[in-house]
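This report describes selected residues and helix contacts in one protein model. Please keep the sequence and the 3D view open while reading.

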Amino acid sequence: MKKMKPQLGIQSSNASDEYLQYLRQMGLTHCFVMFSNEHSNHEDVNRILDRVRRAGLTVDDAGNSFLYKHMSIHLGLPDRDRWIDQYNALNRLLGQAGVPVGYIGNSRVSHTGYFASDATHGALGRTVQMDEILKRPPVVAKTVDEDELWAAFQYLLERALPVAKEAGMRLALHPSDPPYPMYEGYASLIYNSDCYRRALKLADAIEPGVLGIKFCCGCWLEGGDRFGDILSDLREFIRAGRVLTVHFRNVSCPLPDFTETLAEDGYFDMMQIMRVLVEEGYDQAIYPDHVFRTDPMTGGDLAAFAYAVGYMKGLMDAAYSEVR
Ligand SMILES: [Mn+2]
């Protein structure tokens, strides 16, 4: 039976022996690599991927968040071609180096701040108060509405999908976070599961099958019923072969106000998601996504991610033994 692949991320600047050993010590055999601009060239991409692979890790997906999240691309600003060219150039390198999945599109992330509460056991957790975000002034010179945003997305798809196809890659699209139609002066691309259906249809008319989904459970749960039915959406998109990676994350409650929590503490029973993944034979990457901001004295990010991946792997093993 092919199983899903728990993974953690590697920053290209942090592929140290110690960090790679840390991943192996948790029994991880899979990872993603986030490349900085400095390392998004042929020599560094291949050197870093070789190093990671020699440490026994398979690279499921990779990209450069500066490029794939570039505002000029997503808002259709005049200088977008320059950034799309650089984005495509990196995808060519990654595809040639055998990385099967890259990233695309509109990964906005906003929040009110990181706050300690009972829901976070006193740690600093990412918190959204939608009223506060909706009162913010635009961050862009000219408001970008939904039609303009989708036109820019189509423009990107027309240029990115053929390159990815030729390079042997598929591209994973993350929801807008928080998933709300418009804030900070520009529209969101993906704020419910129908937005995904629309994006997949648009992409398939250009290059069938290349676009896929970063299935962020956190965003689905942030949106609640307004985003969709997380369990049936997950089944639908896995069966359609569109789920390229899963972000396994829980929140305190749906919008308008939420805090990210430990997986076991949020309002959704994450075991139900694991069962669907196992029942549907999902065999791609699964990642804990965000963690609390913890004090370096208590282990910092490394401790927070170790806890999150351990809990996630425990649920995964429980779901496999249950379904078997
Ligand atoms: Mn996510």
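## Thr112 and its loop

At 21% relative accessibility, Thr112 counts as partly exposed, a class that lies between buried (under 20% relative accessible area) and exposed (over 50%), with a 1.4 Å probe and protein chains only. Thr112 sits in the loop between strand 4 (101-104) and strand 5 (113-116), where helices (H or I, at least four residues) and strands (E, at least two) are DSSP runs numbered from the N terminus. When neighbours within four places in sequence are left aside, Thr112 is in contact (heavy atoms within 4.5 Å) with Thr127, Val128, Gln129, Glu132, Ile133 and Arg136. Glu132 from this list is 20 residues from Thr112 in sequence, and the two are 7.1 Å apart in space, C-alpha to C-alpha.

## Basis of the model

The model is predicted, so that local features need pLDDT of at least 70 and side-chain atom pairs count only at pLDDT 80 or more, whereas totals for chains, interfaces and linings use all residues. Residues are numbered from 1 along each chain as its sequence is written, and side-chain values use heavy atoms, with hydrogens and water left out.

Two packed helices are described by the angle between their axes and the distance between the axes. Here the axes are lines fitted to C-alpha atoms, for helices over the stretch in contact, and angles run from 0 to 180 degrees between N-to-C directions. Helix 5 (residues 80-96) packs on helix 7 (residues 146-167) at an angle of about 25 degrees, with the axes 9 Å apart. Helix 5 is therefore roughly parallel to helix 7, given that angles under 35 degrees count as roughly parallel, over 145 as roughly antiparallel, 65 to 115 as roughly perpendicular and the rest as oblique. The crossing of helix 5 with helix 7 is right-handed, meaning that the near helix is turned clockwise from the far one by less than a right angle, anticlockwise being left-handed.

From helix 5, the contact is made by Arg80, Asp81, Ile84, Tyr87, Asn88, Asn91, Arg92, Gly95 and Gln96, and from helix 7 by Ala152, Tyr155, Leu156, Arg159, Ala160, Val163 and Ala167. These residues divide into eight nonpolar, four polar and four charged, where Ala, Val, Leu, Ile, Met, Phe, Trp, Tyr, Cys and Pro count as nonpolar, Asp, Glu, Lys and Arg as charged, and the others, Gly among them, as polar. Asn91 of helix 5 counts as buried at 2% relative accessibility, and, not counting residues up to four places away in sequence, Asn91 touches Ala167, Met169 and Leu171.

Helix 11 is mostly covered, with seven of its ten residues buried, namely Met270, Met271, Ile273, Met274, Val276, Leu277 and Val278. Among the elements that cover these residues are helix 9 (217-223), helix 10 (230-239), strand 11 (243-247) and helix 12.

The axes of helix 11 (residues 270-279) and helix 12 (residues 300-323) come within 9 Å and cross at roughly 55 degrees, and the two helices are therefore oblique to each other. Helix 11 passes helix 12 in a right-handed crossing.

Apart from neighbours within four places in sequence, Tyr307 is in contact with Leu262 and Glu264.

## Phe227 and the cysteines

Phe227, in the loop between helix 9 and helix 10, counts as buried at 2% relative accessibility. Not counting residues up to four places away in sequence, its contacts include Pro175, Pro179, Tyr191, Tyr196, Cys219 and Trp220. Lys201 is 26 residues from Phe227 in sequence and 18 Å from it in space, C-alpha to C-alpha.

A search of the whole structure finds zero disulfides, a disulfide being a pair of cysteine sulfur atoms within 2.5 Å. Cys217 is in no disulfide, and the nearest cysteine sulfur, that of Cys216, is 6.9 Å away. Cys216 counts as buried at 0% relative accessibility, and Cys217 likewise counts as buried at 0%.
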